[in-house]
Amino acid sequence: MNPSSSNPKERFKYYGTPGKDFPRFDVDRPLPEEVEPTPRYEAHVGLQAFPTLPLIPVLGWAFSGLTKKLGFRSMAGPLLQTWMPANLSRLHPDKFSDEYFVERRLNGFNPGKLNRVEGKEWQYSVYYKTGRYQAEPGGLLPEYSEARFLLRDRALHVHSIKYCLKGQDITCFPTDGKSWEDAKYYFRSAEYVFQEIQSHLGRTHMNMDQYAMAFYRNIKKSPIRKLLWPHFEGLINIDKKGASLIIGGTGFIPEASALSADSVDGVLIEEIAMLSYHWSPAEQFLPDIIDNNHFDRAALAVWELLTKYVSDFCVNNQREIQNYWSEIEGMSEDLVTHSILKPEYGTLEIKNQEDLQQLCVYVLYHCIFFHSWVNNKQYEDGGDIEYAAIGLWDKEDPKYDPKIEQKRHDAQVKLMWILANVRYNPAIEFAPLPLKKLLWEYRDRIEPGIPLGWLMMSINI
Ligand SMILES: [Fe+2]
């Protein structure tokens with residue numbers, strides 16, 4: 001009840017019903033003091049959000065002459081998208097090329113989605129089943145969209161895209177001209193929706209929220225507090241803000257995409273119900289050597305270095321961890337009680353030291369690496385409406401309004417800019433020395449998938 005109560009279970013209260021709602025901090029309650037954002041964080045966010053602010057109300061009073069000369073007046077409106085800083089696709093000589101399409105499926109903002117296929121002409125595919133969610137009237141969302149890829153000489157080449165739109169199944173090939181470009185655009189839009197809800201919000205923000213809650217409520221004296229504390233910084237705060245900004249009735253995703261707020265919640269719940277800390281990137285990496293598969297190389301390298309880091313930490317603190325094992329039991333109980341994990345995926349119970357180490361590696365992997373990847377690359381793909389829009393609207397629908405579409409697209413590029421550019425606490429600057437050293441040692445495998453300096457300590461934006 002009381003945000004300054006001495007009992008952490010009073011300060012950190014779960015939302016909703018245990019086992020039914022996905023476990024998270026109840027955002028209607030005030031933030032406990034220890035998880036409030038630091039002034040440095042707020043200054044950093046302000047600095048990065050600056051280019052997207054409506055500048056006239058802020059600066060017009062003091063610098064009206066200058067702002068007129070510089071044209072700031074037009075920063076909101078039809079020019080906004082072209083005035084925003086260039087993103088990766090705008091900097092590419094041919095962002096619509098098939099080669100770039102393949103490159104982004106491997107290394108773009110929604111990685112790890114390629115599956116090996118047997119008995120077909122193609123060897124890999126990415127499949128998004130969007131039709132189980134309800135699209136708003138006038139929203140264009142394929143029922144499903146599948147991109148297929150050939151494996152030749154350690155490289156992927158796009159073979160075809162099959163999708164279903166307005167009840168019609170369509171298969172397009174790279175020689176199909178405009179229809180082929182449309183198929184790729186629909187695919188990128190479906191991918192974007194799932195990137196935001198499943199990979200970004202589901203797998204990182206909300207998935208980690210359940211571990212942060214169990215941690216804050218139980219771990220007081222165990223050395224695990226020192227290990228995990230810096231990697232949860234800012235998470236509860238941003239999830240509380242994101243609850244209204246990103247999801248919820250007026251959040252960015254329901255507003256800018258063709259999905260309704262309920263559908264967004266449905267996708268989130270389904271995703272979290274499949275996520276367990278008994279997972280590692282070894283379960284998902286591509287079985288063939290593909291020269292520009294930078295994501296898998298980086299993911300496996302980070303998992304390996306974190307395993308070393310956590311293992312060394314636990315060895316060095318073994319006795320103290322055992323002395324305060326009752327706190328780990330409390331954490332385990334909270335995790336299990338509030339989990340919505342489907343039984344076929346096992347349990348979140350922490351039975352022993354081995355489970356605890358696995359949990360810590362899993363948490364660090366998502367807080368440092370996976371969130372940095374899916375969050376910090378958002379502007380690379382989503383900062384250019386021509387390349388990828390989270391929502392597409394049917395121009396033939398009687399309710400179609402180009403002004404509303406424009407507003408939604410503007411909201412997309414502005415939000416992507418802020419989310420991708422707040423880079424608070426790079427791990428290579430702020431991590432404990434042993435972790436810094438490991439990151440540096442493994443840098444050749446982490447880059448070129450993601451620059452080392454893009455890996456942050458925690459999920460804070
Ligand atoms: Fe994020």
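Which helices do the buried residues of H12 pack against?

**View 1. Overall architecture of the predicted chain.** This is a predicted model, in which local features need pLDDT of at least 70, side-chain atom pairs count only at pLDDT 80 or more, and totals for chains, interfaces and linings use all residues. Residues are numbered from 1 along each chain as its sequence is written. The chain has 20 helices and seven strands; helices (H or I, at least four residues) and strands (E, at least two) are DSSP runs numbered from the N terminus. The radius of gyration of the chain is 23 Å, close to the 23 Å that the globule rule gives for 461 residues, so the chain is as compact as a globular protein of that length. That radius is taken over C-alpha atoms, and the globule rule is 2.2 Å times the number of residues to the power 0.38. The C-alpha trace spans about 65 × 65 × 45 Å along its principal axes. Of the 461 residues in the chain, 43% are buried. A residue counts as buried if 20 or more other C-beta atoms lie within 10 Å of its own, as exposed if 12 or fewer do, and as partly exposed in between, with C-beta atoms placed from the backbone. Among contacts between residues at least 6 apart in sequence, 71% join residues at least 24 apart; two residues are in contact if their C-beta atoms, placed from the backbone, lie within 7 Å.

**View 2. Helix H12 and its packing partners.** H12 has 23 residues and reaches 33 Å from its first C-alpha to its last, close to the 33 Å expected at 1.5 Å a residue. The expected span of a helix is 1.5 Å times one less than its number of residues. The buried residues of H12 include Phe295, Ala298, Val302, Leu305, Leu306, Tyr309 and Phe313. An α-helix has 3.6 residues a turn, so residues three or four places apart point the same way. The buried residues of H12 pack against helix H6 (98–107), helix H8 (224–228), helix H15 (353–376), helix H19 (433–441) and helix H20 (443–446).

**View 3. Threonine 307 within helix H12.** Threonine 307 is placed in H12, which covers residues 294–316. Threonine 307 is partly exposed, because 17 other C-beta atoms lie within 10 Å. The C-alpha atoms of threonine 307 and glutamine 357 are separated by 8.0 Å, although the two residues are 50 residues apart along the chain.

View 4. Five strands form an open sheet in the order S1-S2-S4-S5-S6, with antiparallel pairing; two strands pair if DSSP finds at least two bridges between them. The edge strands, S1 (115–116) and S6 (168–172), each pair on one side only. Strand S2 (residues 124–129) is joined to strand S4 (residues 144–152) by six bridges, and valine 126 stands opposite alanine 147 in S4. Helix H7 (residues 178–218) packs on the sheet, touching S2, S4, S5 and S6, and its direction makes about 85° with that of S5. H6 lies across S2, S4 and strand S5 (155–165), running at about 90° to S5. For these angles, axes are lines fitted to C-alpha atoms, for helices over the stretch in contact, and angles run from 0 to 180 degrees between N-to-C directions.

**View 5. The hairpin of S4 and S5.** Eight bridges join S4 to S5, and serine 145 stands opposite tyrosine 163 in S5. The hairpin has two residues between the strands, and aspartate 153 takes a positive phi near 50°. Arginine 154 lies in the loop between S4 and S5 and has a phi near 55°, a positive value in a residue other than glycine. Arginine 154 is exposed, because 11 other C-beta atoms lie within 10 Å.

**View 6. The hairpin of S5 and S6.** Five bridges join S5 to S6, and leucine 165 stands opposite glutamine 168 in S6. Two residues separate the strands of this hairpin, and lysine 166 in the turn has a positive phi of about 50°. Lysine 166 is exposed, because 9 other C-beta atoms lie within 10 Å.

View 7. Glutamate 447 and proline 448 are joined by a cis peptide bond, with omega about 10°. Proline 448 lies in the segment after H20.
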